[in-house]
Amino acid sequence: MDGEGSSTHGAVSFGPFRLFAAERQLKKGDEPLQLGGRALDTLIALVERAGEVVTQRELISRVWPDVTVEEANLRYHIANLRKVLGDGREGTRYIVTVSGRGYSFVAPVTRSTPQSSSIPQPLPPREAAVSDRLHRLPPKLTRMIGRDDTIRTLSAQLMMWRFVSIVGAGGIGKTTVAISVAHALLDGFDGAVFFVDLAALIDAKLVPTAVASALGFMLQTEDPLRSLAAFIGAKKILLVLDNCEHVIDIAAMLAERIVSEAPQAHVLTTSREALRVEGEHVHMLYALDCPPEDRGLTATAVLPYPAVQLFIERAVASGHGTVLSDIDAPVVATICRRLDGIALAIELAASRASFLGIRGIAELLDNRFSLVWHGRRTALPRHQTLKRCSTGAITCSRRTKRLSLAGSRSS
Ligand SMILES: Nc1ncnc2c1ncn2[C@@H]1O[C@H](COP(=O)(O)OP(=O)(O)O)[C@@H](O)[C@H]1O
Ligand SMILES: [Mg+2]
(Lines give C-alpha, C1' and ligand atoms only; values in the text may rest on other atoms or scores of the structure.)
(Ligands and ions follow the chains in the order given, each with its own letter.)
Protein backbone atom coordinates (compact mmCIF):
# COMPACT_ATOMS: atom_id res chain seq x y z
CA MET A 1 0.00 0.00 0.00
CA ASP A 2 1.00 3.63 0.05
CA GLY A 3 4.19 4.58 1.80
CA GLU A 4 4.56 7.01 4.64
CA GLY A 5 3.33 10.51 4.05
CA SER A 6 0.77 9.51 1.41
CA SER A 7 -2.91 9.55 2.05
CA THR A 8 -5.61 6.96 1.50
CA HIS A 9 -7.48 8.16 -1.58
CA GLY A 10 -11.23 7.67 -1.77
CA ALA A 11 -12.83 5.17 0.55
CA VAL A 12 -11.32 2.09 2.03
CA SER A 13 -13.85 -0.56 3.03
CA PHE A 14 -13.48 -3.36 5.54
CA GLY A 15 -16.31 -5.42 7.02
CA PRO A 16 -19.32 -3.08 7.34
CA PHE A 17 -17.07 0.01 7.60
CA ARG A 18 -15.89 2.65 5.12
CA LEU A 19 -13.00 4.93 5.96
CA PHE A 20 -12.74 8.30 4.15
CA ALA A 21 -9.25 9.47 5.00
CA ALA A 22 -9.42 12.80 3.13
CA GLU A 23 -12.71 13.73 4.80
CA ARG A 24 -11.50 12.24 8.07
CA GLN A 25 -14.61 10.17 8.51
CA LEU A 26 -15.46 6.59 9.41
CA LYS A 27 -18.87 5.23 8.48
CA LYS A 28 -20.64 2.02 9.40
CA GLY A 29 -23.00 1.44 6.50
CA ASP A 30 -24.15 5.00 5.86
CA GLU A 31 -23.90 6.05 9.48
CA PRO A 32 -20.96 8.34 10.44
CA LEU A 33 -19.21 7.16 13.60
CA GLN A 34 -17.84 9.39 16.34
CA LEU A 35 -14.12 8.88 16.58
CA GLY A 36 -11.55 11.19 18.15
CA GLY A 37 -8.86 12.73 15.94
CA ARG A 38 -5.97 10.67 17.34
CA ALA A 39 -7.90 7.39 17.09
CA LEU A 40 -8.81 8.27 13.50
CA ASP A 41 -5.17 9.08 12.66
CA THR A 42 -4.14 5.74 14.15
CA LEU A 43 -6.76 3.90 12.09
CA ILE A 44 -5.72 5.66 8.87
CA ALA A 45 -2.06 4.86 9.48
CA LEU A 46 -2.87 1.19 10.10
CA VAL A 47 -5.24 0.82 7.15
CA GLU A 48 -2.76 2.47 4.77
CA ARG A 49 -0.42 -0.35 5.57
CA ALA A 50 -2.96 -3.14 6.03
CA GLY A 51 -1.30 -6.52 6.34
CA GLU A 52 1.97 -5.04 7.58
CA VAL A 53 3.22 -4.59 11.10
CA VAL A 54 3.36 -0.88 11.96
CA THR A 55 5.65 -0.31 14.92
CA GLN A 56 4.58 1.64 18.01
CA ARG A 57 7.25 4.20 17.23
CA GLU A 58 5.99 4.72 13.66
CA LEU A 59 2.43 5.12 14.89
CA ILE A 60 3.38 7.54 17.64
CA SER A 61 5.45 9.74 15.32
CA ARG A 62 2.60 9.74 12.82
CA VAL A 63 -0.19 10.50 15.28
CA TRP A 64 1.76 12.89 17.56
CA PRO A 65 4.26 14.41 15.10
CA ASP A 66 5.39 17.28 17.32
CA VAL A 67 5.39 15.88 20.81
CA THR A 68 6.86 12.97 22.67
CA VAL A 69 4.21 10.79 24.22
CA GLU A 70 4.13 7.63 26.27
CA GLU A 71 3.17 4.38 24.58
CA ALA A 72 0.20 4.16 26.96
CA ASN A 73 -1.49 6.91 24.91
CA LEU A 74 -1.28 4.80 21.80
CA ARG A 75 -2.61 1.75 23.64
CA TYR A 76 -5.54 3.84 24.84
CA HIS A 77 -6.48 4.88 21.29
CA ILE A 78 -6.03 1.36 19.93
CA ALA A 79 -8.36 0.05 22.66
CA ASN A 80 -10.84 2.77 21.76
CA LEU A 81 -10.65 1.88 18.07
CA ARG A 82 -11.20 -1.80 18.81
CA LYS A 83 -14.28 -0.89 20.80
CA VAL A 84 -15.74 1.22 18.00
CA LEU A 85 -15.03 -1.47 15.39
CA GLY A 86 -16.35 -4.28 17.60
CA ASP A 87 -13.00 -5.99 17.15
CA GLY A 88 -13.01 -9.56 18.47
CA ARG A 89 -16.80 -9.81 18.51
CA GLU A 90 -18.19 -12.88 16.72
CA GLY A 91 -14.76 -13.88 15.52
CA THR A 92 -14.05 -10.69 13.54
CA ARG A 93 -10.54 -9.27 13.81
CA TYR A 94 -9.39 -5.89 12.57
CA ILE A 95 -6.33 -4.90 14.60
CA VAL A 96 -3.93 -7.40 16.12
CA THR A 97 -1.11 -6.67 18.51
CA VAL A 98 2.16 -8.14 17.34
CA SER A 99 3.90 -8.62 20.64
CA GLY A 100 7.03 -6.57 21.12
CA ARG A 101 6.71 -4.99 17.66
CA GLY A 102 3.53 -3.06 16.99
CA TYR A 103 0.10 -3.43 15.46
CA SER A 104 -1.27 -4.82 12.24
CA PHE A 105 -4.56 -4.19 10.45
CA VAL A 106 -5.49 -7.71 9.43
CA ALA A 107 -9.01 -7.54 7.95
CA PRO A 108 -9.28 -7.75 4.15
CA VAL A 109 -9.72 -4.23 2.71
CA THR A 110 -11.11 -2.94 -0.59
CA ARG A 111 -10.40 0.50 -1.90
CA SER A 112 -12.30 2.86 -4.20
CA THR A 113 -10.63 5.70 -6.07
CA PRO A 114 -12.24 9.17 -6.19
CA GLN A 115 -12.91 8.67 -9.93
CA SER A 116 -14.78 5.44 -9.44
CA SER A 117 -16.89 7.09 -6.77
CA SER A 118 -18.51 4.85 -4.24
CA ILE A 119 -17.91 1.42 -5.75
CA PRO A 120 -15.06 -0.12 -3.85
CA GLN A 121 -12.41 -1.88 -5.94
CA PRO A 122 -10.91 -5.04 -4.54
CA LEU A 123 -7.23 -4.79 -3.74
CA PRO A 124 -4.99 -7.27 -5.54
CA PRO A 125 -5.51 -10.75 -4.10
CA ARG A 126 -3.73 -11.05 -0.79
CA GLU A 127 -2.03 -14.21 -2.05
CA ALA A 128 -0.07 -12.01 -4.46
CA ALA A 129 1.10 -9.51 -1.89
CA VAL A 130 4.48 -11.03 -1.20
CA SER A 131 5.72 -7.97 0.67
CA ASP A 132 2.89 -8.47 3.17
CA ARG A 133 4.28 -11.85 3.92
CA LEU A 134 7.73 -10.55 4.51
CA HIS A 135 6.39 -8.10 7.01
CA ARG A 136 4.56 -10.85 8.86
CA LEU A 137 7.74 -12.73 9.58
CA PRO A 138 9.82 -11.25 12.43
CA PRO A 139 13.36 -10.35 11.40
CA LYS A 140 15.93 -13.04 12.00
CA LEU A 141 18.80 -12.54 14.43
CA THR A 142 21.66 -10.65 12.82
CA ARG A 143 24.03 -13.26 14.11
CA MET A 144 22.77 -16.61 15.27
CA ILE A 145 25.37 -18.70 16.99
CA GLY A 146 25.95 -22.41 16.55
CA ARG A 147 22.74 -23.40 14.76
CA ASP A 148 23.70 -23.63 11.08
CA ASP A 149 23.36 -27.42 10.93
CA THR A 150 20.09 -27.30 12.84
CA ILE A 151 18.61 -24.80 10.36
CA ARG A 152 19.66 -26.93 7.40
CA THR A 153 18.33 -30.14 8.94
CA LEU A 154 15.06 -28.55 10.01
CA SER A 155 14.47 -26.95 6.63
CA ALA A 156 14.95 -30.32 4.92
CA GLN A 157 12.71 -32.09 7.46
CA LEU A 158 9.98 -29.54 7.04
CA MET A 159 10.01 -29.84 3.25
CA MET A 160 9.92 -33.63 3.51
CA TRP A 161 7.47 -34.21 6.36
CA ARG A 162 5.38 -30.97 6.20
CA PHE A 163 4.78 -30.92 9.96
CA VAL A 164 7.66 -30.43 12.38
CA SER A 165 7.65 -29.31 16.01
CA ILE A 166 10.72 -27.72 17.55
CA VAL A 167 10.61 -28.88 21.15
CA GLY A 168 12.89 -27.76 23.98
CA ALA A 169 13.14 -25.89 27.26
CA GLY A 170 12.14 -22.23 27.53
CA GLY A 171 14.87 -19.84 26.41
CA ILE A 172 16.81 -22.54 24.60
CA GLY A 173 16.34 -20.83 21.21
CA LYS A 174 13.22 -22.41 19.64
CA THR A 175 11.70 -19.17 18.34
CA THR A 176 15.05 -17.94 17.07
CA VAL A 177 15.56 -21.16 15.13
CA ALA A 178 11.97 -21.24 13.80
CA ILE A 179 12.26 -17.68 12.47
CA SER A 180 15.54 -18.50 10.81
CA VAL A 181 14.10 -21.64 9.16
CA ALA A 182 11.13 -19.61 7.92
CA HIS A 183 13.46 -17.02 6.36
CA ALA A 184 15.52 -19.78 4.75
CA LEU A 185 12.36 -21.19 3.13
CA LEU A 186 10.76 -17.89 2.04
CA ASP A 187 11.71 -18.27 -1.61
CA GLY A 188 10.63 -21.92 -1.70
CA PHE A 189 7.15 -20.79 -0.62
CA ASP A 190 7.17 -17.78 -2.89
CA GLY A 191 6.86 -15.56 0.16
CA ALA A 192 3.77 -17.37 1.48
CA VAL A 193 5.16 -17.77 4.99
CA PHE A 194 2.99 -16.83 7.97
CA PHE A 195 4.19 -16.44 11.52
CA VAL A 196 1.72 -16.55 14.40
CA ASP A 197 2.92 -15.90 17.94
CA LEU A 198 0.47 -17.66 20.24
CA ALA A 199 2.16 -16.42 23.42
CA ALA A 200 -0.10 -13.44 23.90
CA LEU A 201 -3.36 -15.37 23.52
CA ILE A 202 -5.14 -15.59 26.83
CA ASP A 203 -8.08 -17.54 25.48
CA ALA A 204 -7.21 -20.77 23.64
CA LYS A 205 -10.44 -20.44 21.65
CA LEU A 206 -8.86 -17.50 19.82
CA VAL A 207 -6.13 -19.64 18.24
CA PRO A 208 -8.06 -20.26 14.98
CA THR A 209 -8.92 -16.54 14.77
CA ALA A 210 -5.28 -15.56 15.26
CA VAL A 211 -4.19 -17.95 12.51
CA ALA A 212 -6.97 -16.79 10.18
CA SER A 213 -5.97 -13.15 10.81
CA ALA A 214 -2.38 -13.91 9.89
CA LEU A 215 -3.61 -15.50 6.67
CA GLY A 216 -5.74 -12.43 5.89
CA PHE A 217 -8.97 -14.32 6.27
CA MET A 218 -11.90 -13.47 8.52
CA LEU A 219 -13.37 -16.45 10.35
CA GLN A 220 -17.09 -16.36 10.82
CA THR A 221 -18.19 -19.94 11.06
CA GLU A 222 -19.09 -22.57 13.55
CA ASP A 223 -16.35 -24.93 12.44
CA PRO A 224 -13.29 -22.66 12.30
CA LEU A 225 -10.74 -25.45 11.76
CA ARG A 226 -12.62 -26.76 8.77
CA SER A 227 -13.01 -23.37 7.15
CA LEU A 228 -9.35 -22.54 7.80
CA ALA A 229 -8.24 -25.75 6.09
CA ALA A 230 -10.69 -25.05 3.25
CA PHE A 231 -9.37 -21.49 2.87
CA ILE A 232 -5.80 -22.77 2.60
CA GLY A 233 -7.00 -25.43 0.13
CA ALA A 234 -4.27 -26.28 -2.36
CA LYS A 235 -2.14 -23.19 -1.65
CA LYS A 236 1.49 -23.82 -0.89
CA ILE A 237 2.15 -22.11 2.41
CA LEU A 238 4.34 -22.36 5.46
CA LEU A 239 2.58 -21.65 8.73
CA VAL A 240 4.76 -21.10 11.80
CA LEU A 241 2.97 -21.45 15.13
CA ASP A 242 5.21 -20.09 17.86
CA ASN A 243 4.79 -20.81 21.59
CA CYS A 244 2.15 -23.53 21.34
CA GLU A 245 2.68 -24.85 24.86
CA HIS A 246 0.04 -22.84 26.69
CA VAL A 247 -2.68 -23.45 24.09
CA ILE A 248 -1.39 -26.87 23.15
CA ASP A 249 -4.64 -28.78 22.72
CA ILE A 250 -6.19 -26.42 20.21
CA ALA A 251 -2.87 -25.68 18.50
CA ALA A 252 -2.32 -29.43 18.07
CA MET A 253 -5.80 -29.98 16.63
CA LEU A 254 -5.41 -27.05 14.27
CA ALA A 255 -1.99 -28.14 13.01
CA GLU A 256 -3.14 -31.73 12.51
CA ARG A 257 -6.24 -30.62 10.63
CA ILE A 258 -4.40 -28.23 8.34
CA VAL A 259 -1.70 -30.75 7.48
CA SER A 260 -4.21 -33.50 6.77
CA GLU A 261 -6.67 -31.41 4.75
CA ALA A 262 -4.46 -28.89 2.95
CA PRO A 263 -2.04 -30.99 0.90
CA GLN A 264 0.53 -28.25 0.28
CA ALA A 265 0.49 -26.64 3.70
CA HIS A 266 3.60 -27.05 5.83
CA VAL A 267 3.44 -26.38 9.57
CA LEU A 268 6.35 -25.57 11.86
CA THR A 269 5.56 -25.25 15.55
CA THR A 270 7.60 -24.35 18.62
CA SER A 271 6.61 -25.71 21.98
CA ARG A 272 8.05 -26.85 25.27
CA GLU A 273 6.31 -30.19 24.78
CA ALA A 274 5.40 -32.19 21.69
CA LEU A 275 1.91 -31.66 20.25
CA ARG A 276 1.46 -35.43 19.97
CA VAL A 277 -0.86 -35.56 16.99
CA GLU A 278 -0.98 -37.39 13.67
CA GLY A 279 1.67 -36.30 11.20
CA GLU A 280 3.91 -34.47 13.70
CA HIS A 281 7.67 -34.99 13.59
CA VAL A 282 9.44 -33.80 16.73
CA HIS A 283 12.77 -32.06 16.47
CA MET A 284 14.32 -31.82 19.94
CA LEU A 285 16.35 -28.63 20.23
CA TYR A 286 19.30 -28.97 22.54
CA ALA A 287 21.17 -26.30 24.44
CA LEU A 288 24.21 -24.55 23.03
CA ASP A 289 27.39 -26.59 23.45
CA CYS A 290 29.48 -25.71 26.51
CA PRO A 291 33.14 -26.46 27.23
CA PRO A 292 33.89 -29.45 29.48
CA GLU A 293 34.82 -29.02 33.12
CA ASP A 294 38.53 -28.29 33.20
CA ARG A 295 40.18 -25.58 35.25
CA GLY A 296 43.12 -25.38 32.85
CA LEU A 297 41.07 -24.30 29.80
CA THR A 298 42.55 -21.41 27.80
CA ALA A 299 40.67 -18.71 25.89
CA THR A 300 41.55 -20.44 22.61
CA ALA A 301 40.09 -23.68 23.91
CA VAL A 302 36.75 -22.24 25.06
CA LEU A 303 36.02 -19.78 22.25
CA PRO A 304 34.89 -22.36 19.67
CA TYR A 305 31.95 -23.32 21.93
CA PRO A 306 28.70 -21.58 20.93
CA ALA A 307 27.62 -20.97 24.56
CA VAL A 308 30.88 -19.11 25.21
CA GLN A 309 30.58 -17.13 21.97
CA LEU A 310 27.08 -16.02 22.95
CA PHE A 311 28.25 -15.03 26.44
CA ILE A 312 31.17 -13.01 25.09
CA GLU A 313 29.06 -11.27 22.42
CA ARG A 314 26.44 -10.22 24.92
CA ALA A 315 29.08 -9.21 27.50
CA VAL A 316 30.79 -7.01 24.90
CA ALA A 317 27.42 -5.53 23.93
CA SER A 318 26.90 -4.61 27.59
CA GLY A 319 30.17 -2.64 27.58
CA HIS A 320 32.61 -5.30 28.78
CA GLY A 321 36.04 -5.49 27.12
CA THR A 322 36.37 -7.59 23.99
CA VAL A 323 39.38 -9.71 24.96
CA LEU A 324 38.85 -12.94 26.87
CA SER A 325 41.90 -13.70 29.01
CA ASP A 326 43.16 -17.19 29.83
CA ILE A 327 42.38 -16.40 33.46
CA ASP A 328 38.71 -15.63 32.75
CA ALA A 329 38.25 -18.46 30.20
CA PRO A 330 37.52 -21.27 32.70
CA VAL A 331 35.22 -18.92 34.63
CA VAL A 332 33.14 -18.20 31.52
CA ALA A 333 33.07 -21.94 30.78
CA THR A 334 31.74 -22.59 34.28
CA ILE A 335 29.08 -19.88 33.96
CA CYS A 336 27.85 -21.36 30.66
CA ARG A 337 27.73 -24.85 32.13
CA ARG A 338 25.90 -23.65 35.24
CA LEU A 339 23.33 -22.06 32.95
CA ASP A 340 23.09 -25.33 31.04
CA GLY A 341 23.88 -23.64 27.73
CA ILE A 342 20.42 -22.01 27.73
CA ALA A 343 20.70 -19.02 25.39
CA LEU A 344 18.32 -16.77 27.30
CA ALA A 345 19.99 -17.42 30.65
CA ILE A 346 23.43 -16.80 29.14
CA GLU A 347 22.24 -13.54 27.57
CA LEU A 348 20.79 -12.25 30.80
CA ALA A 349 23.86 -13.18 32.83
CA ALA A 350 26.30 -11.73 30.28
CA SER A 351 24.40 -8.44 30.15
CA ARG A 352 25.69 -7.77 33.69
CA ALA A 353 29.36 -8.23 32.73
CA SER A 354 30.21 -4.55 32.36
CA PHE A 355 29.57 -3.70 35.98
CA LEU A 356 29.92 -7.05 37.76
CA GLY A 357 32.85 -8.38 35.77
CA ILE A 358 33.02 -12.03 34.76
CA ARG A 359 34.07 -13.19 38.20
CA GLY A 360 31.28 -11.16 39.77
CA ILE A 361 28.72 -13.02 37.64
CA ALA A 362 30.20 -16.37 38.60
CA GLU A 363 30.09 -15.41 42.28
CA LEU A 364 26.48 -14.36 42.02
CA LEU A 365 25.58 -17.66 40.40
CA ASP A 366 27.32 -19.40 43.31
CA ASN A 367 25.44 -17.35 45.85
CA ARG A 368 22.71 -19.36 47.51
CA PHE A 369 20.45 -16.40 48.17
CA SER A 370 17.69 -15.03 46.02
CA LEU A 371 18.78 -12.74 43.20
CA VAL A 372 16.87 -11.12 40.42
CA TRP A 373 18.41 -10.29 37.08
CA HIS A 374 16.44 -7.84 35.03
CA GLY A 375 16.55 -8.41 31.30
CA ARG A 376 16.24 -6.02 28.39
CA ARG A 377 13.47 -3.51 28.82
CA THR A 378 12.04 -4.34 25.39
CA ALA A 379 12.02 -8.11 25.92
CA LEU A 380 8.74 -9.94 26.30
CA PRO A 381 7.70 -10.21 29.95
CA ARG A 382 8.39 -13.91 29.90
CA HIS A 383 11.97 -13.23 28.86
CA GLN A 384 12.71 -10.48 31.30
CA THR A 385 14.09 -11.96 34.47
CA LEU A 386 16.44 -14.66 35.55
CA LYS A 387 16.25 -15.68 39.17
CA ARG A 388 18.17 -17.81 41.51
CA CYS A 389 15.84 -19.00 44.20
CA SER A 390 16.84 -20.03 47.67
CA THR A 391 16.90 -23.73 46.72
CA GLY A 392 19.74 -22.94 44.36
CA ALA A 393 17.86 -23.75 41.12
CA ILE A 394 18.24 -21.07 38.45
CA THR A 395 14.94 -20.19 36.89
CA CYS A 396 13.50 -17.90 34.27
CA SER A 397 10.28 -16.17 35.25
CA ARG A 398 7.58 -16.83 32.67
CA ARG A 399 4.26 -15.36 33.69
CA THR A 400 2.87 -17.77 36.24
CA LYS A 401 5.10 -20.70 35.45
CA ARG A 402 8.71 -20.97 36.55
CA LEU A 403 10.85 -23.02 34.29
CA SER A 404 13.92 -24.60 35.80
CA LEU A 405 17.00 -23.90 33.75
CA ALA A 406 19.41 -25.78 35.94
CA GLY A 407 17.50 -28.89 36.86
CA SER A 408 17.80 -29.85 40.49
CA ARG A 409 21.20 -28.39 41.03
CA SER A 410 20.71 -27.40 44.65
CA SER A 411 23.64 -26.81 46.89
N1 LIG B 1 21.69 -19.43 18.49
C2 LIG B 1 21.53 -18.25 19.08
N3 LIG B 1 22.43 -17.25 18.88
C4 LIG B 1 22.29 -16.07 19.51
N5 LIG B 1 21.26 -15.76 20.33
C6 LIG B 1 20.33 -16.71 20.55
C7 LIG B 1 20.42 -17.99 19.96
N8 LIG B 1 19.37 -18.73 20.35
C9 LIG B 1 18.64 -17.94 21.16
N10 LIG B 1 19.21 -16.73 21.29
C11 LIG B 1 18.70 -15.64 22.10
O12 LIG B 1 18.22 -16.20 23.32
C13 LIG B 1 16.97 -15.66 23.69
C14 LIG B 1 15.95 -16.76 23.84
O15 LIG B 1 15.73 -17.36 22.58
P16 LIG B 1 14.28 -17.82 22.08
O17 LIG B 1 14.43 -18.25 20.66
O18 LIG B 1 13.27 -16.78 22.38
O19 LIG B 1 14.02 -19.07 23.03
P20 LIG B 1 12.71 -19.97 23.17
O21 LIG B 1 11.82 -19.68 22.00
O22 LIG B 1 13.19 -21.39 23.19
O23 LIG B 1 12.10 -19.57 24.48
C24 LIG B 1 16.60 -14.64 22.63
O25 LIG B 1 16.89 -13.35 23.11
C26 LIG B 1 17.49 -14.98 21.45
O27 LIG B 1 17.83 -13.83 20.74
MG1 LIG C 1 9.86 -18.92 22.04
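1. Let us start with a word you will need throughout: two residues are in contact when they have heavy atoms within 4.5 Å. Among contacts in the protein chain between residues at least 6 apart in sequence, 64% join residues at least 24 apart.

2. Before you go further, note how to read this model. It is a predicted one, in which local features need pLDDT of at least 70, side-chain atom pairs count only at pLDDT 80 or more, and totals for chains, interfaces and linings use all residues. Residues are numbered from 1 along each chain as its sequence is written, chains are lettered from A and ligands numbered from 1 in the order in which they are written, and side-chain values use heavy atoms, with hydrogens and water left out.

3. Now for the overall make-up. The protein chain has 14 helices and 18 strands; helices (H or I, at least four residues) and strands (E, at least two) are DSSP runs, numbered from the N terminus. Of the 411 residues in the protein chain, 49% are buried. Here buried means under 20% relative accessible area, exposed means over 50%, and partly exposed lies in between (1.4 Å probe, protein chains only).

4. Next, look at the interior. A nonpolar core is a set of buried Ala, Val, Leu, Ile, Met, Phe, Trp, Tyr and Cys residues joined through side-chain atoms within 4.5 Å. The largest one has 52 residues, and those with the most contacts inside it are Leu238, Leu268, Phe311 and Ile335. Where does this core lie? It lies between domain 2 (126-284) and domain 3 (299-404), because both give residues to it; the domain bounds come from an automatic or database domain assignment. Apart from it lies another core, of 34 residues, among them Leu254, Ala255, Val259 and Ala262. As general background, nonpolar side chains tend to be buried together in soluble globular proteins.

5. Leu238 deserves a click in your viewer. Leaving aside neighbours within four places in sequence, Leu238 is in contact with residues including Leu158, Ala182, Leu185, Phe189 and Leu268.

6. Rings of Phe, Tyr and Trp (its six-membered ring) pair if their centres lie within 6.5 Å; planes under 30 degrees apart count as stacked, over 60 as edge-to-face and the rest as tilted. A search of the whole structure finds 5 aromatic pairs. One of them joins Phe14 and Phe105, edge-to-face at 4.9 Å centre to centre with 75° between the planes. Phe14 lies in strand β1 (residues 11-14) and Phe105 in strand β7, so the pair ties together parts that are 91 residues apart in sequence. Phe14 is buried at 1% relative accessibility, and Phe105 is buried at 0%.

7. How are the rings of Phe17 and Tyr94 arranged? Their centres are 5.7 Å apart and their planes are at 80°, so the pair is edge-to-face. Phe17 belongs to strand β2 and Tyr94 to the loop between α3 (71-85) and β6, so parts 77 residues apart in sequence are tied together. Phe17 is buried at 1%, as is Tyr94 at 3%. Phe14, Phe17, Tyr94 and Phe105 form one aromatic cluster.

8. Arg24, in the loop between β2 (17-20) and β3 (25-28), has a phi near 55°, a positive value in a residue other than glycine. Arg24 is partly exposed, with a relative accessible area of 40%. Arg162, in the loop between α5 (148-161) and β10 (163-167), also has a positive phi, near 70°. Tyr305 sits in the loop between α10 (299-302) and α11 (306-317) and is partly exposed at 27% relative accessibility. Not counting residues up to four places away in sequence, Tyr305 touches Asp289, Cys290, Pro291 and Pro292.
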